[in-house]
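Let's take a walk through this structure, one stop at a time. Have a look at it first, and then we'll pick a place to start.

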Amino acid sequence: MTITPPEAAASRPLILLDVDGVLNPWYRPGPEWEVHEAIGHDMTYRVVLNPAHGPMLLELAHDTGSALVWATTWVELANREIGPRIGLPELPVIPVNVGREVPGVGHKTPQVAEYVAGRPFVWFDDDLTRSDTKFLKGHDGVGSFRIIQVGPRQGLNDRHLRQAAAWFASLSENGTPS
Ligand SMILES: [Mg+2]
């Protein structure tokens, strides 16, 4: 077993994961996707999940030296209702449901900006706009990042993961994309 020094863990790049529209698309894209009932904060939801996603994301994290983090309104429930069904271990959670709202900016974005603390990050989401990019770029403590827009009808696929891997590979040692 490899022990990661705390300072190395604290500076690792991050992979931010949305659930709805990314791991749980609007429709069932193919037979390999499984339908589940997932208990949310207020009711039970039908979710469509791909069991291949967990291994794919763990491989991306391993190959890029990054840490997976939930950035979803499911917050802690993602560790109970989503992760285990696609083969993900318990992950840290960005508390996106609390904190300040910024007009014109996605409700998760200010919390993400606070959380990343200078670490480079890729963010898989289906619902971000140029306002979010602008907000992040102008926020102290946000370093290099790449938003990878996922189409909510089909959800996350190989192409998105390749984009993430290519972006991580382009980071120079100081965390700036070359
Ligand atoms: Mg979403």
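Where is K108 found? K108 sits in the loop between helix 3 and helix 4; helices here are DSSP runs of H or I with at least four residues, strands are runs of E with at least two, and both are numbered from the N terminus. Before going on, bear in mind that this is a predicted model, where local features need pLDDT of at least 70, side-chain atom pairs count only at pLDDT 80 or more, and totals for chains, interfaces and linings use all residues. Residues are numbered from 1 along each chain as its sequence is written, and side-chain values use heavy atoms, with hydrogens and water left out.

Back to K108. K108 is buried, with a relative accessible area of 8% (buried means under 20%, exposed over 50%, and partly exposed in between, using a 1.4 Å probe and protein chains only). Setting aside residues up to four places away in sequence, K108 touches D18, A71, T72, V96, W123 and D125, where a contact means heavy atoms within 4.5 Å. With A71, a polar atom of the K108 side chain lies 3.0 Å from the backbone oxygen. A polar contact like this is a pair of N or O atoms within 3.5 Å; within protein, one must be able to donate a hydrogen and the other to accept it, and residues adjacent in sequence count only if both atoms are side-chain atoms.

Side chains of opposite charge can pair when their charged atoms come close. K108 does this with D18: the two form a salt bridge, and their closest N and O atoms are 3.0 Å apart. (A salt bridge needs a side-chain nitrogen of Lys or Arg within 4 Å of a carboxyl oxygen of Asp or Glu.) This pair links distant parts of the chain, 90 residues apart, with D18 in the loop between strand 1 and strand 2 (34–39).

How many salt bridges does a search of the whole structure find? The search turns up four. Over in helix 3, E81 and R85 lie four residues apart, about one turn of the helix, and their side chains meet in a salt bridge at 3.4 Å, N to O. Salt bridges that share partners also join D18, K108 and D125 into one network. E81 meets R80 too, at 2.7 Å, N to O. E81 counts as buried at 6% relative accessibility, while R85 is partly exposed at 29%.

Together with D20 (O) and D126 (OD), D18 (OD) coordinates the magnesium ion, at 2.0 to 2.2 Å. Donors are N, O and S atoms within 2.8 Å of the metal (3.2 Å for Na, K and Ca); water is not among the atoms, so sites may look incomplete. Along the chain, the donors follow the spacing D-x1-D-x105-D. D18 is buried at 5% relative accessible area, whereas D20 is partly exposed at 34%.

Last stop: helix 6. Buried along this helix are H160, L161, A164, W167 and F168. Seen down the axis, these buried residues fall within an arc of 125 degrees, so they line one face of helix 6; the arc is taken from the directions from the helix axis to the C-beta atoms. They pack against strand 1 (14–17), helix 2 (53–64), strand 5 (121–125) and strand 6 (145–149). On the other side, R162 and A169 are exposed. At the start of helix 6, a side-chain oxygen of N157 reaches to within 3.0 Å of the backbone nitrogen of R159.
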